[in-house]
Amino acid sequence: MAEVTVVGAGIVGVCSTAWLQRAGFTVTLIDAGAVGEGASFGNAGNLSPGAVVPYMIPGFMKEVPGWLAQNGPLAVRPSYFLKVLPWLLTAVKTSRAETAFKTSRAMHALHRGTLDAYDTLTKNTEAAALIERCGQLYVSTREGAAQGSAVAQAMREAAGVKIQSLDPMEIRELEPALAPIFKSGMLIPDNGRCKNPHQLVQLIAAEAQRNGASIVRGEVSGFETNGANVTGIVVDGKVRPVERVVIAAGAAAGRLSAKLGTPLPVEAERGYHITIGEPGVVPRIPVTHVDAKFVCSPMNMGLRVAGTAEFAGYDAEPNWRRAELLATQASAMFPGLRMEKVSRWMGRRPSLPDGLPVLGAAPNYANAFFAFGNSHFGMSAGSVMGKIVAELVAQRTPDIDITPFSPRRFG
Ligand SMILES: Cc1cc2nc3c(=O)[nH]c(=O)nc-3n(C[C@H](O)[C@H](O)[C@H](O)COP(=O)(O)OP(=O)(O)OC[C@H]3O[C@@H](n4cnc5c(N)ncnc54)[C@H](O)[C@@H]3O)c2cc1C
């Protein structure tokens, strides 16, 4: 059987492995750490076919000062500012209406099948119980603000995303534990959740292993090529021959793509969570605080509060005050919360400045493929990204247009 080596055992890497097996390939999955301990470990678990609104949309600039305020959701570490400035300026350019609507259409194409693809992948396995089609709630303390700007609403409408507007009474009926401070709400009934993202990645990997995949622990630091193809990868200093290779290394993927002659602006957009064991109160479904931009997600280990976009560089120390802030904000949102058993975490979202992932054949090598960069939406996109990876490796035309995700788009 033809062989494929997948680098990175996050949600994208494990879903790629599972779909590649279905397409008839033998797969080796390599990770520098344990399975699922990158960004996929601690995200909020929102699975969102309806995620069609990019962060960079017309009018977003007027919100930036508020986001950057002391307790705002966006932080740029001063020592990193000049380094990340070109990335930020490119991101700002993508907020023009025409570009933003193109981004929205590409997000829709990638995200709309997420739940169906997870259903297929997890059918008849323990992992199926971790996925729930339950809807997601968005709330704001401002009247009429939960649905976002007119542009955001137009994007959802163009994509056919169903929403329900909720008044304060309806919000309380849906989630009685919420503080009575929210004046507008939006329910996206067709969105869903994952009850434990780390466990989902582990279970998909374990099933792939039962189906014959090898899981290898080791850090990939380089490649051997014959000019046209990648012939080997350097794992912990030793060369390992490969027939085909998929780079699914999350926020570190840019380092590897550069070694294959394709430098890409992958930024580690750092986020934080606290997970509260035995919290006393939990919402029934994930609730996003639209103004403060964090999510409170019921998980099978308690309540997870996740948010923040911090630009500080891949290797910088975490700023745990960001996690403490989430704890304060969550207490104001759910007054009955008990904060006795709290763990905290920092993770790196793999983010490209145009808000879209890189998904396609590597420009310089016929047998190498890129699949990374899903920023805030990698849990949602992972199941579909993996399917497309398998189609690309098998030289079949994917169901969706992948031109917007081309690795060549940054020149
Ligand atoms: C706070 C927070 C909340 C979020 N909430 C959501 C949400 O609700 N819904 C959603 O859809 N998304 C969410 N996300 C985003 C989502 O978590 C990511 O987009 C997704 O996990 C990325 O998956 P990945 O497989 O690309 O990367 P990762 O999970 O980071 O996996 C990459 C793997 O590659 C390995 N690796 C890297 N370099 C090498 C190397 N050289 N050699 C070997 N292995 C290597 C790493 O060890 C890692 O295991 C959130 C993110 C954060 C931080």
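A crossing of two helices is left-handed if the near helix is turned anticlockwise from the far one by less than a right angle, and right-handed if clockwise. Keep that in mind here, as α5 passes α11 in a left-handed crossing. What you're looking at is a predicted model.

**Around the ligand**
- The shell around the ligand counts 43 residues, and G10, G38, G250, G271 and G378 come nearest.
- Which elements each supply at least two residues of that shell? They are the helices α1 (11-22) and α11 (378-393), plus the strands β2 (26-31), β15 (267-277) and β19 (341-351).
- Sorted by class, the shell has 21 nonpolar, 18 polar and four charged residues.

**How α5 and α11 pack**
- Two packed helices are described by the angle between their axes and the distance between the axes.
- For α5 and α11, the angle is about 65° and the axes are 8 Å apart. That makes α5 roughly perpendicular to α11, since angles from 65 to 115 degrees count that way.
- From α5, the residues making the contact are T114, A117, Y118 and L121. From α11, they are S380, A381, S383, V384 and K387.
- This contact has five nonpolar, three polar and one charged residues.

**How α1 and α11 pack**
- Here the axes are 7 Å apart, and the helices pack at an angle of about 40°.
- α1 and α11 are therefore oblique to each other.
- The crossing of α1 past α11 is right-handed.
- On the α1 side, I11, V12, C15, S16, A18, W19, L20 and R22 take part. They meet G378, M379, G382, S383, M385, G386, K387, V389, A390 and V393 in α11.
- By class, the residues of this contact come out as eleven nonpolar, five polar and two charged.
- G378 turns up here in α11, and it's also one of the residues that come nearest to the ligand.

**How α1 and α8 pack**
- α1 also packs against α8 (residues 197-210), at an angle of about 30° and with 9 Å between the axes.
- Are these two roughly parallel or roughly perpendicular to each other? They're roughly parallel, because angles under 35 degrees count as such.
- α1 passes α8 in a left-handed crossing.
- I11, V14, C15, T17, A18 and Q21 of α1 meet V201, I204, A205, E207 and A208 of α8.
- That contact divides into eight nonpolar residues, two polar ones and one charged.
- I11, C15 and A18 of α1 are among the residues that meet α8, and they are also among those that meet α11.

**Two residues with a positive phi**
- Most residues other than glycine have a negative phi.
- N124 isn't a glycine, yet it has a positive phi of about 60°. You'll find N124 in the loop between α5 (114-122) and β5 (131-132).
- Is N124 buried or exposed? N124 is exposed, with 7 other C-beta atoms within 10 Å.
- E278 isn't a glycine either, and its phi is positive too, at about 45°. The loop between β15 and β16 (287-289) is where E278 sits.
- E278 counts as exposed, because it has 11 C-beta neighbours inside 10 Å and the cut-off for exposed is 12 or fewer.

**Two buried loop residues**
- E175 lies in the loop between α7 (168-174) and β8 (184-188). E175 is buried, with 22 other C-beta atoms within 10 Å.
- How far apart are E175 and F334 in space? Their C-alpha atoms are 10.0 Å apart, although 159 residues separate the two in sequence.
- Leaving aside neighbours within four places in sequence, E175 is in contact with L137, P283, R284 and V287.
- P73 is in the loop between α2 (64-68) and β4 (74-76). P73 counts as buried, because it has 22 C-beta neighbours inside 10 Å and 20 or more is enough for that.
- P73 and R322 are 249 residues apart along the chain, with 8.7 Å between their C-alpha atoms.
- Again leaving aside neighbours within four places in sequence, P73 is in contact with W67, A292, K293, F294, G307, T308 and A309.

Conventions:
Residues numbered from 1 in each chain as written. Predicted model: local features only at pLDDT ≥ 70, side-chain atom pairs only at ≥ 80, totals over all residues. Near = placed C-beta within 6 Å. Helix = DSSP H or I, 4+ residues; strand = E, 2+ residues; numbered from the N terminus. Nonpolar A, V, L, I, M, F, W, Y, C, P; charged D, E, K, R; others polar. Axes fitted to C-alpha atoms, helices over the stretch in contact; angles between N-to-C directions. Parallel < 35°, antiparallel > 145°, perpendicular 65-115°, else oblique. Contact = placed C-beta atoms within 7 Å.
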